[in-house]
Amino acid sequence: MASIASLRIGIATNLGTISGLRTSSTGFIPDNVNPPYAIVAPSTVDYHKSFSTGGLNTYNFTVTVVVGRVSERTSQASLDAYCSPTGTASIKVAVESDRTLGGNAYDCVVTGMRNYGSITIAENTYLAAEFDLVVQAN
C-alpha cells in the first residue's frame, strides 16, 4: 500500500531528472527555497475508488515550481520551459518519466498547469507556476 510520503518522494525523484531544478529528496515542503525549486505537496485524496478495503485511491498533488525573482528577465523564460509539454525542462515529461513512481503507484499524470505568476516566500517575491498531478495507487 502506497503512502503519501512514498508518492511524494517518487514525484520529487522524477523531477530531479531536470538539470538544475532543485527539490527535496525526502519530498518535504521547505521553509525557504533556493530557485529554481519544485515543491511537491498533496492536495486531496479520494479513498475507496474500487469500493473495497485497501482498494484504489486517487491522490491529487500540486507541484509548485519557483524560479527567480519576478524582476529577473530570465525567470519567465525558465518558467516557460518548465511549463512546456515537451523538452528537457518540461515538468510534464519529468513527472511522467516513471508513471509508477518507483513502483508505488499504478499511474501518475500531469493534468494541467495553473497560477502562473508571482508568489511570496519568506518575504521574497518569485515567479512560479503550479502543476496538477493525479496519482492512482492503493
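Modeller: A cavity, on a 1 Å grid over the protein atoms alone, is a set of points where a 1.4 Å probe fits but cannot get out. The model is predicted, so local features need pLDDT of at least 70 and side-chain atom pairs pLDDT 80 or more, while totals for chains, interfaces and linings use all residues. Residues are numbered from 1 along each chain as its sequence is written, and side-chain values use heavy atoms, without hydrogens and water.

Colleague: How many cavities of 30 Å³ or more does a search of the whole structure find?

Modeller: The search finds 1 such cavity. About 30 Å³ of space lies in the largest cavity, the volume being the space filled by probe spheres set on the grid points, which are joined across faces, edges and corners.

Colleague: What makes a residue part of the lining, and which residues line the largest cavity?

Modeller: A lining residue has an atom within 4 Å of a point. For the largest cavity these are T23, S24, G27, F28, I29, P30, Y37, A38, I39 and V40. The lining divides into 7 nonpolar, 3 polar and no charged residues, with Gly counted among the polar ones and Tyr and Pro among the nonpolar.

Colleague: Why is N60 called buried?

Modeller: Buried means under 20% relative accessible area, exposed over 50%, and partly exposed in between (1.4 Å probe, protein chains only). N60 has 17% relative accessibility, so N60 counts as buried. N60 belongs to strand 2, residues 57-69; helices (H or I, at least four residues) and strands (E, at least two) are DSSP runs, numbered from the N terminus.

Colleague: What makes the pairing of the N60 and T44 side chains a polar contact?

Modeller: The separation is 2.7 Å, and a polar contact is a pair of N or O atoms within 3.5 Å, one able to donate a hydrogen and the other to accept it. Leaving aside neighbours within four places in sequence, N60 is in contact (heavy atoms within 4.5 Å) with P42, S43, T44, D46, L133 and V134.

Colleague: Is T64 buried or exposed?

Modeller: T64, also found in strand 2, has a relative accessible area of 12% and is therefore buried. Not counting residues up to four places away in sequence, T64 touches Y37, A38, I39, I119, A128, A129 and E130.

Colleague: Why is T86 called exposed?

Modeller: T86 has a relative accessible area of 55%, so the term exposed applies. T86 lies in the loop between helix 2 (73-83) and helix 3 (91-95). The C-alpha atoms of T86 and A41 are separated by 23 Å, the two residues being 45 apart along the chain.

Colleague: Why does A122 count as partly exposed?

Modeller: A122 has 46% relative accessibility, and so counts as partly exposed. A122 is in the loop between strand 3 and strand 4 (124-137). Phi of A122 is near 50 degrees, a positive value in a residue other than glycine. Phi of N115 is likewise positive, near 55 degrees, and N115 is found in strand 3, residues 107-121.

Colleague: Which residues does a cis peptide bond join?

Modeller: The bond joins P35 and P36, with omega about -5 degrees. P36 lies in the loop between helix 1 (4-15) and strand 1 (37-46).

Definitions and conventions. 1 Å grid on protein atoms, 1.4 Å probe; cavity = no way out; pocket = protein on both sides within 12 Å on 5 of 7 lines; lining within 4 Å.
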